[in-house]
Each structure stands twice: as structure tokens, then as C-alpha cells.
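Here are some notes to read alongside the structure. Keep the viewer open and look up each element as you go.

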Amino acid sequence: MKFIVLPLMLLVGSLEGNQSKAYPIDMDEMLDESTLDVEVIDDWHRVEGAVLTRQKYMTINVGELWPGQQYRVPVRLVVPLNRKAKGFHLTGGNNLKRIQQDTEIRGVSIDLIRGGVGLVQTIVQEPKTWGQGPLGDEMRKRFIETLNTRYSIQFWGWPAGLCRAATAAYAETDHFESGKIALTGGSKNGASPSVALIHDTRMTAQHANVSPLWDSPLRMADKQAWEALNIEDQEYAHRKGLDTELATKITRHVFRGGFFGPDYIPDALKAGHSWEELEQLAQQMADHVFISRNLDTLRERGVDLYYHPGTHDFVCFDIVWGGRHYPDIPVYFAANTGHGKKRPHSKVEKDQTNQAAFLLSHFFEDVDELLESPRIQTHVEDNALSITVKFPEGFVAESGEVWWMYDRGSDGSGAYLAELIPDENWSRMEGMEHGSTWKTNLPLSVSATHIDVFTNHRKTIRYDGREYPTYISSPYVRVDLN
């Protein structure tokens, strides 16, 4: 099997001045089957395994980055052996070696194929990991020089690749028919599906881990927020007695504070762009990338959502702000988790199967729906914090647990990322009203200025004789104790 690495074109200066910097996904372009320019590498064929399938492997044209330069991605299509697939599970978390080989059907994918749901796989990874290093470098260079988001792998390349993979699948009319499309993945494979979901009305569900969700001040290049963060980081490093190298490592992670991926602010400023330009770009693109800006529209479309932000993640670094402003987004917080090597909390839920249950519930009508986001109320009285969590009418949970942390650093700060929830800061809650309400009281530290709190609740989903424990969290809240 082969994969084409396309030649690069020289930078065309006149083109840069004529194009808009903000270049959202253009769905007319994404839906145009005539420009897919499909190269079939391994045509439809039977594949043995736990469930029998037909599979096809090819590369497609996503679109033209600049005159003469295509952005191409590999795509693998998987359908049941003896019938068309109705809708599909779309993923980008694949590598080139794996996607070139016939897919071995495992886990929840067995149930999806047996139920008539297809699989569509492409690659949403750094270009250098799949033979596209020079192209990726040139895209990055052009983006920093122009701030034209058409050249950005995060803003355009990856989400457009997912949209075009869906178009390529539905172009196979002998093998696919219109149905639900669910996207799953983590990090870049959580962020990119968010953009695709916002623009592409064919998409019907997303489950994502450790990826951007909301338009907090740091992401929006708010200069005051950044200045306050820098001061807090300096104070934290001084308080901890950190040397310069270690302080920089903790407080200057490349993703921390980034708008929708790695923080490009320093490179853009160095290239001659003003802070005002960066703020303007953030404002122009926010509606096109953040789930938080599109909740009403997504609800009107009937889209299912479920997110795992991580409590200590350097990509989704703003859960305090998100919990305050968007309490309705369904989230699950696994305590002390995020990108990198973290030590999960000793009481973290080790049996959660949220993604599998989410897919089964989304695609199959005979599977119960997952819990909806509850409301959380807190009240301070007599050196204790009273916590009440209520679920919407008709929803009941099997369990309730609460986690808390005193005087945690601000969103995105070095302290926020480095200091974990202590093992002892966990407790069970008391269930009331058959599990629709959960309560507890926490004795408070007399020296603390604020306390961060969230709760987790279980519901078991059943399918084909198997149980799938799922968990949902209350909104993350910060309570002022002064």
C-alpha cells in the first residue's frame, strides 16, 4: 500500500493579502463529491473477524490550501458484510500504519457493526506523524505569518478532513445510507470534531476527552487576564522556591492559554502581529470552534454531547470559568486527570464506560439515555459547606460522591495544573427522592479563602446482556469563603 506525500509550493505573497484571515469551514466545499479526487488503494473486500465486514482504504482530497497544493488524508470505510451501513462512527485518532491495515473489529464496534452502523476512520494527527512533515511545517509558517486560518491544521485542516471523510463515505451509495454520525476522540480528536459538529449538520453526536469547550478570557486573548495570570505564576514560583527552569516548565506549557490548541500568541507577536490582531482573530473564530457558542443551535438539531475535560488538563485548562458560565454542558470529571502523566485520585471511578454507553445509547433506540447534567447549590454556614445536587425531572442516579480542593490557583495557572486534589478530599453523598437529589455537608478549613467542588454520579446502561457504568458530574464550582 502507498501514501502520497505531495510537493510544496513556494509562498505566494500576493495571495496572502487578498484572503480573509478568518476562514471557517465552508460546507458547500465540504459536501462537493466531485472534488474528492479519490485514490483507491484497497477496494471493497471481505474481512474476517469477530463480526464480518466489508472494508475499503483510499486517500481523498480535503481541499486546496493554496494554489496547486492539496491537503489529502487517508480514509478507511467499514460496513457490515451483507447490508448497507446506516450512519457511522467517525474517528480521527488513527495512525498511518494502523489505518493502512484491515481494521480488527473490537469492543463496542462489534455491537455497532452488528446493529448496522458503519465505521469511518481518518487521521487527525500532526502531519509529521504520517509522512506530511514538510507540509505541516509550511502550513504553520504561513499561519503565523498571515494569521489566515485556512493554513491552520487546527482551525481548518483537521476538522475539514473529518467533514470530507463523511462526504467520501456517503458517496459510496452501495455501502452507506444516511443515518446518525457520532464522533469520538481526545485532545486534537476532541477539538477537531467540535468544529466539524458545529458546521456539518450531518453530524449528530460527540464524545470528547481533554479538549477545548468554552471561550474563556485566556482563550480570547484578553490582555488583562493574561497579565493577571503572569503575576500569579510569578508569585507561585516564588512561594514554592522554584528555580527559573522548573518554574518555566510548570507555568509555560505550550498549550496553556492557547485559543484552540497550542498557544500561538508568542510566535505571532514575534512575527509582527499586534495583540489587537490576536483578539480580533479570536472574536472572528470563536463561534466557529467552541461548543459553548453553539449550544442552542446544537440542541435544536438534537445533537448528543458528552465531555471529559479532566480536572488538571493543560488543554482544557479553564473548568472553573466553564462551570460558572456553561453549567448545562454534560461533563464528567475524573479527579486528578488530564494530559501528561498524572496520578489519578485514589477514589477515581475505575469502572466508567461512558464512551461505549454513549455510542450505544445514541445509535440504538432500545438503550436507555444517559444522565443529564444536574444543578448544584452550595451554602456556607457555621464553618460548613452545604451541597445539594438535583437532577432534571425523570433522571435518577445510583450514587453520589463529592471532591473538593482548597485555595486552588486560577484557571490555567501553574498552581492550577501542578497541585492535585488530596486523596482525603473525597466523600460519599446521601441520596434522596429515589436518587434525583444528593446532599452532603463539608466541614471547612478556617484558613481557606475559597473551595472548589464538584460531584460525580453513576447510572448503569444495559445492552445485549452487558452492563456499562456511566458517570456524570455536576458543574465545577468555586465558592468564596470570605
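1. Let's start with a term you'll need: two strands pair if DSSP finds at least two bridges between them. Strands of a sheet pair through backbone hydrogen bonds, and they can do so in a parallel or an antiparallel way. Also keep in mind that this is a predicted model.

2. Strand 13 pairs with strand 14 (residues 437-443) in the antiparallel sense, over three bridges. Which residue of strand 14 is the bridge partner of G431? That's W438.

3. There's also an open sheet of eight strands, in the order 1-2-3-5-4-6-7-8, and its pairing is mixed.

4. For a parallel pair, look at strand 4 (residues 85-91) and strand 5 (residues 118-122), which are joined over four bridges. L90 stands opposite V120 of strand 5.

5. Helix 6 (residues 153-171) touches strand 2 (53-66), strand 3 (69-80), strand 4, strand 5 and strand 6 (176-186), and its direction makes about 135 degrees with that of strand 2. Helix 7 touches strand 6, strand 7 (205-209) and strand 8, at about 140 degrees to the direction of strand 6.

6. Helix 7 (residues 188-199) also packs against helix 11 (residues 275-289), at an angle of about 80 degrees and with the axes 8 Å apart. The two helices are therefore roughly perpendicular. S194, V195, I198 and H199 of helix 7 meet D287, H288 and V289 of helix 11. Three of these contact residues are nonpolar, three polar and one charged.

7. Finally, step back to the whole protein, with its 15 helices and 17 strands. Why does 23 Å fit a compact globule? Because a compact globule of 482 residues would have a radius of gyration near 23 Å, and the protein has 23 Å, which agrees. Of the 482 residues, 59% count as buried.

Key: Residues are numbered from 1 along each chain as its sequence is written. This is a predicted model: local features need pLDDT of at least 70, side-chain atom pairs count only at pLDDT 80 or more; totals for chains, interfaces and linings use all residues. Side-chain values use heavy atoms; hydrogens and water are left out. Axes are lines fitted to C-alpha atoms, for helices over the stretch in contact, and angles run from 0 to 180 degrees between N-to-C directions. Angles under 35 degrees count as roughly parallel, over 145 as roughly antiparallel, 65 to 115 as roughly perpendicular and the rest as oblique. Contact means heavy atoms within 4.5 Å. Ala, Val, Leu, Ile, Met, Phe, Trp, Tyr, Cys and Pro count as nonpolar, Asp, Glu, Lys and Arg as charged, and the others, Gly among them, as polar. The radius of gyration is taken over C-alpha atoms; the globule rule is 2.2 Å times the number of residues to the power 0.38. Buried means under 20% relative accessible area, exposed over 50%, partly exposed in between (1.4 Å probe, protein chains only).
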